[in-house]
Amino acid sequence: MTSGPLSLFAGYGIELEYMIVDRGSGAVRPVADRILAHAAGEISNSAERGELAWSNELVLHVIELKTNGPSVSLQSLPDLFIREIRYINDYLQSLDACLMPTAMHPLMVPERDTVLWPHDDNEIYAAYNRIFDCRGHGWSNLQSMHINLPFHGDREFHPLHTAIRALLPVMPAIAASSPLLEGELTGFMDTRLETYRTNSRRIPEVTGLVIPEVVKNRREYEQVILEPMYAAIAAYDPAGILQYEWLNSRGAIARFDRNAIEIRVLDTQESAAADIAVAGVIVSVLKALVSQQWSSRNEQEQLSTEELTAVFLNMVRDADEAVIRSREYLKLFRFPGRQCSAIELWQHFLESLDEVETAEWRADFDFILNHGCLARRISRAVGPSARRSHVEETCRVLCRCLERGEVFEGI
C-alpha cells in the first residue's frame, strides 16, 4: 500500500506469491526475471499492470502478484488475480513452464535448486544470504499471502495491532498448505511456518516468537521490536543494508513507511478465490476485535506472547484439527466451551459475525471448514506414503486449480 494514510479498513493490500515450475517435471524454474522483462520491456524487479503489479522475490523461481496500491474492496480481487495468473501462464507456455500454488514446493531441494535474484536490489539479497545462508526451505522455498491493513496514526495503530496479535495464532488453521518437504510428509500441516520461525535463528531478534509483542504506539514498537533487532544484526551488517523495518520477520509487522500492518502467517492457497476468501473472513473477524465485540482491548493484550505462541505452534502442527485448550484464549472470543478444535472456533466466528459482512466469502470458506485446510486435502491426496507419483500428480492438479480458479478436492 503506497498512498497516503488511510483509516482502519479503508483499503486492502494483498500480495500472493507463486512458484514457477516446469510443466512436465514440476521442477522449479528460475525464470522470474524473464517474466518481469516480458511485462516491463526490460529486466526489472517490478512491473505495473493497472490495478495489479508484479515483483520479484529473493529467488528466481518465485514471482509475487499484488494490488498496485490499496484496493478499496476485496470483492474484485479474485477475478483480477486469476486474469494475471492466466496471462503469465500464457507467456510461460513458450518456456514449457507454469505457476504453481501452495506455500512450499513439495519436491524442491534448496541446496541444489536455489538461484538468488541477480539483478536490481541484489545487494539486499546478498546480505541476507551472507548472514543467514538462504539455501534453505525457510528462505528459498516458501510462498505466502500477505494482507496489508492501513492505520492512521497511533490512535488506529494500537487497536489494529492488538487485534491482529490476538487472532494471529489461529490463522494457520484455515490457511496451512505445506505438509510436504522434499517428498515426505513432515507431520506439520504448516511446514512453511515451522521452517520460517527458525530461519533467522542466528539472530533470533529478527523473528522473535513470530507472535509480536504488546505495543501501544510507534515509539514503543521502535523501542521493543525494531531497535533491539537493529542492534543485534549490526555486527553482521556494518553497512546497514538490512537495518530497516522490513527486516522484522514476525508474523505481522508494522510498515510505518506505508502506514500499514502486514500479516505474514498465511500460506498461499490453490486459487486466488480461496486466498481472498480467507482474507475476507480474517478482515471481518479483525473488525469485530477492533470494535471489542467479544473482549476489551485490555483483555486482548493480557495474554503473553508466550501463551499466544503456544496456541500458534499447535496450529502449525495440526492446523484445522488442532485442539485449543487455553480457556483464557477462548474467552477473548466468548467461546462457550472449555476447549475446541480450531475449525470449531472459526465456525464460532462466522456464527457471531453479520452474515452480510461474510456473505461474499461463505462458499469458498465453507469449503475449507467442511473439507479441511488445503494441507489436509493435499495430505489425503498423496496418501500416508507420499509416493512420488502421487505428489507429482497432486502438483499438476494444483496448477490447474490455480489457473482455473477452482478448489482442490483431491486427485
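**Pockets and rings**

Modeller: The lining of the largest pocket holds 14 nonpolar, 16 polar and 12 charged residues. Ala, Val, Leu, Ile, Met, Phe, Trp, Tyr, Cys and Pro count as nonpolar, Asp, Glu, Lys and Arg as charged, and the others, Gly among them, as polar. This is a predicted model: local features need pLDDT of at least 70, side-chain atom pairs count only at pLDDT 80 or more, and totals for chains, interfaces and linings use all residues. Residues are numbered from 1 along each chain as its sequence is written, and side-chain values use heavy atoms, with hydrogens and water left out.

Biologist: What volume does the largest pocket have, and which residues lie nearest its centre?

Modeller: First, the term. On a 1 Å grid over the protein atoms alone, a pocket is an open set of points where a 1.4 Å probe fits, with protein on both sides within 12 Å along at least five of seven lines; lining residues have an atom within 4 Å of a point. Points are joined across faces, edges and corners, and the volume is the space filled by probe spheres set on them. Here the largest pocket has about 1,300 Å³. Of its 42 lining residues, Asn56, Glu57, Glu64, Tyr125 and Arg264 lie nearest the centre.

Biologist: Which element gives the largest share of the lining of the second largest pocket?

Modeller: Elements are DSSP runs numbered from the N terminus: helices (H or I, at least four residues) and strands (E, at least two). In the second largest pocket, α18 gives the largest share, seven residues. The pocket has a volume of about 220 Å³. Its lining has 18 residues, with Arg23, Cys98, Cys395, Arg396 and Cys399 nearest the centre.

Biologist: How is a pair of aromatic rings described?

Modeller: By the distance of the centres and the angle of the planes. Rings of Phe, Tyr and Trp (its six-membered ring) pair if their centres lie within 6.5 Å; planes under 30 degrees apart are stacked, over 60 edge-to-face, the rest tilted. That rule gives 16 aromatic pairs here. In one, Trp294 and Phe333 have ring centres 5.9 Å apart and planes at 75 degrees, so the pair is edge-to-face. These two residues are 39 residues apart in the chain.

Biologist: Is Phe333 buried or exposed?

Modeller: Buried means under 20% relative accessible area, exposed over 50%, partly exposed in between (1.4 Å probe, protein chains only). Phe333 has 0%, so Phe333 is buried. Trp294, at 6%, is also buried.
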